[in-house]
Amino acid sequence: KRCALESAVALLAGLNAEVACKDCSEELRFCTLTSLKEEPEATVFAAQVLQLLVRAIQKQQSWVEDDLHSVVIPICDLCSNHRVPLVRLGCFQVLIALIQQAFGHLAPFKKQIQAGCKSGVEDKCREVRLLAVAALNTWHCVGSQ
């Protein structure tokens, strides 16, 4: 079951963003949300899941806002807990895109987002710290508008 999910994610990640979001929207949604629920540990798999999520946000897929509870909490957990800096960077990239697109719907997740950003600001990897600060700045700047 896990191998099938990883294979489907790899195939979706290999598709053009337009094709993945338009022709395979339901598969993209299912694979992304299921993978996030299982908290991907493998680095390549986690990076591919984050890539799919960033694409969905950039293409303004409506399911992302519909399923914020299934997206934000796992992303914030990965921001804090994943052992690989590249995955933590991807999580902050997702958070920034989410904040820019769906700020008004993120109020219930304020504590989780701030906790994830706080752990990122304290990260030992400089690049992760920079992106965590960028996410916090985005949160405050978008919120003040």
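Colleague: Okay, Cys91 first: is this residue buried or exposed?

Modeller: Keep in mind that this is a predicted model. Cys91 has 0% relative accessibility, so Cys91 counts as buried.

Colleague: And how many disulfides does the structure hold?

Modeller: The general idea is to look at how far apart the sulfurs are: a disulfide needs two cysteine sulfur atoms within 2.5 Å. Here the count is 0. For Cys91, the nearest cysteine sulfur belongs to Cys79 and sits 4.5 Å away, and Cys91 is in no disulfide.

Colleague: Next, the core. Which residues have the most contacts inside the largest nonpolar core?

Modeller: In soluble globular proteins, nonpolar side chains tend to be buried together. In this model, the largest nonpolar core has 47 residues, and Leu53, Ile75 and Ile113 have the most contacts inside it. Helices supplying at least two residues each to this core include H1 (2-14), H6 (68-81) and H9 (126-144). Leaving out residues up to four places away in sequence, Ile75 touches Leu36, Leu50, Leu53, Cys91, Val94 and Leu95.

Colleague: What about a polar residue such as Gln61? Where is its place?

Modeller: Gln61 is in the loop between helix H4 (43-58) and helix H5 (62-66). At 12% relative accessibility, Gln61 counts as buried. Its side chain makes a polar contact of 3.0 Å with the side chain of Ser25. Beyond four places in sequence, Gln61 is in contact with Cys21, Ser25 and Ala56.

How values were computed. Residues are numbered from 1 along each chain as its sequence is written. This is a predicted model: local features need pLDDT of at least 70, side-chain atom pairs count only at pLDDT 80 or more; totals for chains, interfaces and linings use all residues. Side-chain values use heavy atoms; hydrogens and water are left out. Helices (H or I, at least four residues) and strands (E, at least two) are DSSP runs, numbered from the N terminus. Buried means under 20% relative accessible area, exposed over 50%, partly exposed in between (1.4 Å probe, protein chains only). A polar contact is a pair of N or O atoms within 3.5 Å; within protein, one must be able to donate a hydrogen and the other to accept it, and residues adjacent in sequence count only if both atoms are side-chain atoms. Contact means heavy atoms within 4.5 Å. A nonpolar core is a set of buried Ala, Val, Leu, Ile, Met, Phe, Trp, Tyr and Cys residues joined through side-chain atoms within 4.5 Å.
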